[in-house]
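Subject: Structure handover

Hello,

The structure is below, followed by notes on what was found in it. Please read the notes with the coordinates open.

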Amino acid sequence: MVDDYIQISKLNDFIFCPYSIYLHSIYENFDTSTYHSKFQKRGSINHARIDNKTYSTSKYIIQGKDIYSQKYGLVGKIDLYDSKQKSLIERKYKITKIYSGYKLQLFAQCLCMQEMGYQVNKLCFHSLVDNKNYPIAFPSGEDLNFLKDTVKQIRNFRSKDAVLLSISPLKCEKCIYNNLCAFK
Ligand code: SF4
């Protein structure tokens, strides 16, 4: 059942702030211009090039492919898969730190690709603004447990749990739902 699957993009959002998942479900059908800041718009434009498959014309670069894992109950899209190097690459506008949510997202993409029969030899983040690569080790047993636990928590999350969150002004300032959130 597709409804039982968790979107890979929600893993990072949930780790950033569980309440953002609730706001995402409310506003997902709205025009994002109603709440996206300049920062998010810039990120969306860069991602649109991947979603539209216009980043590269090379035959061996697979872009914006739909992926899923029955084993982990995940669906989503990859950014780029280089089928020559067998590398899975997630691009972000500017990377200053590799957050655990970023890694979880790339691990989830890797597990989906492997389950779908693709060989993955390398995992990497790419920071667009400074053209830097950040290779990532393959997930350990602990990482896989963290992934399974996060998927379970997302499934069980209820918006009323949000009152238990400790709200951080620094985090809320960067959040795309800042203008809409009652808890900030
Ligand atoms: S504004 Fe803060 S509390 Fe609200 S969803 Fe964003 S990060 Fe969470």
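**Aromatic rings**

Y81 is buried, at a relative accessible area of 2% (buried means under 20%, exposed over 50% and partly exposed in between, with a 1.4 Å probe and protein chains only). Before the rest, some conventions: this is a predicted model, in which local features need pLDDT of at least 70 and side-chain atom pairs count only at pLDDT 80 or more, while totals for chains, interfaces and linings use all residues. Residues are numbered from 1 along each chain as its sequence is written, and side-chain values use heavy atoms, with hydrogens and water left out.

Rings of Phe, Tyr and Trp (its six-membered ring) pair if their centres lie within 6.5 Å; planes under 30 degrees apart count as stacked, over 60 as edge-to-face and the rest as tilted. By this rule there are five aromatic pairs. One of them joins Y81 and Y118, with centres 5.6 Å apart and planes at 80 degrees, so it is edge-to-face. Y81 lies in strand β5 (residues 80–82) and Y118 in the loop between α4 and β7, so this pair ties together parts that are 37 residues apart in sequence. Helices (H or I, at least four residues) and strands (E, at least two) are DSSP runs, numbered from the N terminus. Y118 counts as partly exposed, at 26% relative accessibility.

The pair of Y102 and F125 is tilted, at 5.9 Å centre to centre and 45 degrees between the planes. Here helix α4 supplies Y102 and strand β7 supplies F125, so the pair ties together parts that are 23 residues apart in sequence. Y102 is buried at 14% relative accessibility, and F125 is buried at 0%. Ring pairs link Y99, Y102 and F125 into a cluster.

Two lysines sit over rings (NZ of Lys or CZ of Arg within 6 Å of the ring centre and within 35 degrees of the ring normal). K92 lies over the face of Y102, 4.6 Å from the ring centre. The charged end of K171 is over the ring of F16, at 5.9 Å from its centre.

**Cores**

A nonpolar core is a set of buried Ala, Val, Leu, Ile, Met, Phe, Trp, Tyr and Cys residues joined through side-chain atoms within 4.5 Å. The largest has 29 residues, and L11, L74, L88, L123 and L147 touch the most other members. Two or more residues each come from α1 (8–16), α4 (100–115), β7 (122–127) and α5 (141–156). The most come from α4, with nine residues.

Leaving out residues up to four places away in sequence, the contacts of L123 (heavy atoms within 4.5 Å) are L88, L106, F107, C110, Y134, P135, I136, A137, F138 and P139. A second, separate core has seven residues, among them C17, Y19, Y27 and Y177.

Which residues of α2 are buried? They are P18, Y19, S20, I21, L23, H24 and Y27, seven of the ten residues in this helix (18–27). They pack against β1 (6–7) and α1.

A search of the whole structure finds one cavity of 30 Å³ or more. On a 1 Å grid over the protein atoms alone, a cavity is a set of points where a 1.4 Å probe fits but cannot get out, and lining residues have an atom within 4 Å of a point. Grid points are joined across faces, edges and corners, and a volume is the space filled by probe spheres set on the points. The largest cavity has a volume of about 130 Å³. Its lining has 16 residues, of which C17, I167, C172, C175 and C181 lie nearest the centre. Both α2 and α6 (169–174) give two or more residues to this lining, and α2 gives the most, with three.

Regards

Methods
1 Å grid on protein atoms, 1.4 Å probe; cavity = no way out; pocket = protein on both sides within 12 Å on 5 of 7 lines; lining within 4 Å.
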